[in-house]
Amino acid sequence: MSFIQRSVRLIGASRVCLLASAFPAIIGPTAQARTEAPARAEARDISVEKRNKAIVQAAFAKWRAGGNVFAELLAPDIVWTIHGSGPVAGTYHGLEDFTRRASAPLVSRLNGPVMPEVRSIWADGDVVIVRFAGSATTTSGAPYRNQFVWILRMNAGRAFEAEAFLDLAAYQQVIENNEPRAQ
């Protein structure tokens, strides 16, 4: 290899090293700004998260004591989506629609309310996630047990949007195998 060829390679390598060393100086401040901004945003949301989590905890405590969690927690115009497959899966518009078409068919076939046992509650900004077990006795005397995850978007102390995950087969079994209570 000639002296000129070696010099050209060294010059090329020097340029690459120079560019590589300049790259962190160029992107460093931008990357730092990106990591600092979410930390500031998170600090602002902590009070909202704490308040929303406390509202949901209180609503579940009242439910466990015999209250109506839907009246306590859900906005009248809530959009409630039950994920999965089965007759009850879908999106409901408004508290009345959800109660009439999804909640009442189950509740009417139980001897008492579903008793919630909260496993975990998480809050992130305006979203609260509740994982809980629910149990009751059906009108035929059989046990009803299910696991639930509700994802609630909160505004002004009420959930205006909800997504529910549960065992829809257990729900449907209660509907199909139990007569509704006499009104």
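Q: What makes α4 an element that lies across the sheet strands β1, β5 and β6?
A: In this predicted model, α4 lies across β1, β5 (143–155) and β6 (158–166), and lying across them rests on contact, that is, on heavy atoms within 4.5 Å. The direction of α4 is about 120° to β5.

Q: Which strands does α3 lie across, and at what angle does α3 run to β1?
A: Helix α3 lies across β1, β2 and β5, and runs at about 55° to β1.

Q: How do you know that α3 and α4 pack, and which residues meet?
A: Helix α3 (residues 95–107) and helix α4 (residues 168–177) pack at an angle of about 65°, their axes being 9 Å apart, and the crossing of α3 past α4 is left-handed. From α3 come Arg101, Ala102, Pro105 and Leu106, which meet Tyr171, Val174 and Ile175 of α4. By class, the residues of this contact divide into six nonpolar, no polar and one charged.

Q: Why are β2 and β3 said to stand at the edges of the sheet?
A: The open sheet has six strands in the order β2-β1-β6-β5-β4-β3, with mixed pairing. Strands β2 (90–93) and β3 (115–124) each have a single partner strand, so one side of each is left without a neighbour in the sheet, and they are therefore its edges. Between neighbouring strands of this sheet the turn is 20° on average, with direction ignored.

Q: Why is Met154 called buried?
A: The relative accessible area of Met154 is 4%, and buried means under 20%, so Met154 falls within the buried class. Met154 has its place in strand β5, and, not counting residues up to four places away in sequence, Met154 touches Asn52, Ile55, Val56, Leu73, Asp126, Val128, Ala159 and Phe160. With Val128, which is 26 residues apart from Met154 along the chain, the separation of the C-alpha atoms is 7.4 Å.

Q: Why does Ser103 count as buried?
A: Ser103, a residue of helix α3, has a relative accessible area of 12%, which is again under 20%, so Ser103 is buried. Leaving aside neighbours within four places in sequence, Ser103 is in contact with Phe70 and Phe98.

Q: What makes up the largest nonpolar core, and which residues have the most contacts inside it?
A: The largest nonpolar core has 38 residues, and those with the most contacts inside it are Trp80, Ile82, Tyr144 and Trp150. Two or more residues of this core are given by each of α1 (3–64), α2 (69–73), β1, α3, β4 (127–137), β5, β6 and α4. For Trp150, once neighbours within four places in sequence are left aside, the contacts include Phe60, Trp63, Phe70, Trp80, Val128, Phe132 and Glu163.

Q: How many helices and strands does the protein chain have, and what share of its contacts joins residues 24 or more positions apart?
A: The protein chain has four helices and six strands, which run α-α-β-β-α-β-β-β-β-α from the N terminus on. Of the contacts with a separation of 6 or more, 52% are between residues 24 or more positions apart, while 30% of the 183 residues count as buried.

Definitions and conventions: Residues are numbered from 1 along each chain as its sequence is written. This is a predicted model: local features need pLDDT of at least 70, side-chain atom pairs count only at pLDDT 80 or more; totals for chains, interfaces and linings use all residues. Side-chain values use heavy atoms; hydrogens and water are left out. Axes are lines fitted to C-alpha atoms, for helices over the stretch in contact, and angles run from 0 to 180 degrees between N-to-C directions. A crossing is left-handed if the near helix is turned anticlockwise from the far one by less than a right angle, and right-handed if clockwise. Ala, Val, Leu, Ile, Met, Phe, Trp, Tyr, Cys and Pro count as nonpolar, Asp, Glu, Lys and Arg as charged, and the others, Gly among them, as polar. Two strands pair if DSSP finds at least two bridges between them. A nonpolar core is a set of buried Ala, Val, Leu, Ile, Met, Phe, Trp, Tyr and Cys residues joined through side-chain atoms within 4.5 Å. Buried means under 20% relative accessible area, exposed over 50%, partly exposed in between (1.4 Å probe, protein chains only).
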